[in-house]
Amino acid sequence: MTVDTNTVVSLQYKLTNHKTGEHIEETSKDQPMEFLYGIERIIPTFEVNIHGLKAGDTFEFSIPTLEAYGEKNDEHVAIIPLSVFFDESGKIDETQINVGAVLPMTDNDGNHLRGTILEMTDDTITMDFNHPLAGTDLFFQGSILEVRQATDEEIAHGHSHGAHGHHH
Ligand SMILES: [Zn+2]
């Protein structure tokens, strides 16, 4: 079976910065990436590059910034009053709130975002809501471990089930 819409793909990969060679992440041996091809939200160019592969095939390709997470956008950097981050006692928990920390946040429309703290002053925190990989050309190397037909239930749910997929 080859990778196509409505198959469940299990693969392992290593991701590096294509320009600098810097290591970004890789799957561990006992925890491959598994997803429902064409349905779960994977970078479209990533899907195009593994289309038609089968178990045992290897892959190696780059994805330019604009087809990955886009350029960093200054409008996604916000200055937020420090009081937003106070705990019940009106203080900042410095073990959680510090420069470089990545925190789950909610915007005015209720969307969940992750923000990275860039700077802290006595009364504000500057937070970057750009995707951590914004502005980065990606380079993937890896191999396909398994390709199988998705079950009707997986297609109805829009995600893979099973050993490394969605559990519920
Ligand atoms: Zn499900």
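Predicted model: local features only at pLDDT ≥ 70, side-chain atom pairs only at ≥ 80, totals over all residues.

Visitor: How far apart do the C-alpha centres of domain 1 and domain 2 lie?
Guide: Domain 1 covers 7–69 + 134–157, and domain 2 covers 74–128. Those bounds come from an automatic or database domain assignment. Between the C-alpha centres of the two domains, the distance is 31 Å.

Visitor: Is His-112 buried or exposed?
Guide: His-112 lies in strand 7 (residues 112–120); strands (E, at least two residues) and helices (H or I, at least four) are DSSP runs, numbered from the N terminus. Buried means under 20% relative accessible area, exposed over 50%, and partly exposed in between, using a 1.4 Å probe and protein chains only. His-112 has a relative accessible area of 70%, so this residue is exposed.

Visitor: How is the aromatic pair of Phe-46 and Phe-61 arranged, and what is its name: stacked or edge-to-face?
Guide: Rings of Phe, Tyr and Trp (its six-membered ring) pair if their centres lie within 6.5 Å; planes under 30 degrees apart count as stacked, over 60 as edge-to-face and the rest as tilted. The structure holds 7 aromatic pairs. For Phe-46 and Phe-61, the centres are 5.5 Å apart and the planes are at 70°, which makes the pair edge-to-face.

Visitor: Which strand holds Phe-140, the partner of Phe-61 in a pair?
Guide: The ring centres of Phe-61 and Phe-140 are 5.7 Å apart with planes at 35°, so this pair is tilted. Phe-61 lies in strand 4, and the pair ties together parts 79 residues apart in sequence because Phe-140 lies in strand 9 (residues 138–149).

Visitor: How many residues does the largest nonpolar core have?
Guide: A nonpolar core is a set of buried Ala, Val, Leu, Ile, Met, Phe, Trp, Tyr and Cys residues joined through side-chain atoms within 4.5 Å. Phe-46, at 2% relative accessibility, counts as buried. Among the residues with the most contacts inside the largest core are Phe-46 and Phe-140, and its total is 21 residues.

Notes
Residues numbered from 1 in each chain as written. Heavy atoms only, no water.
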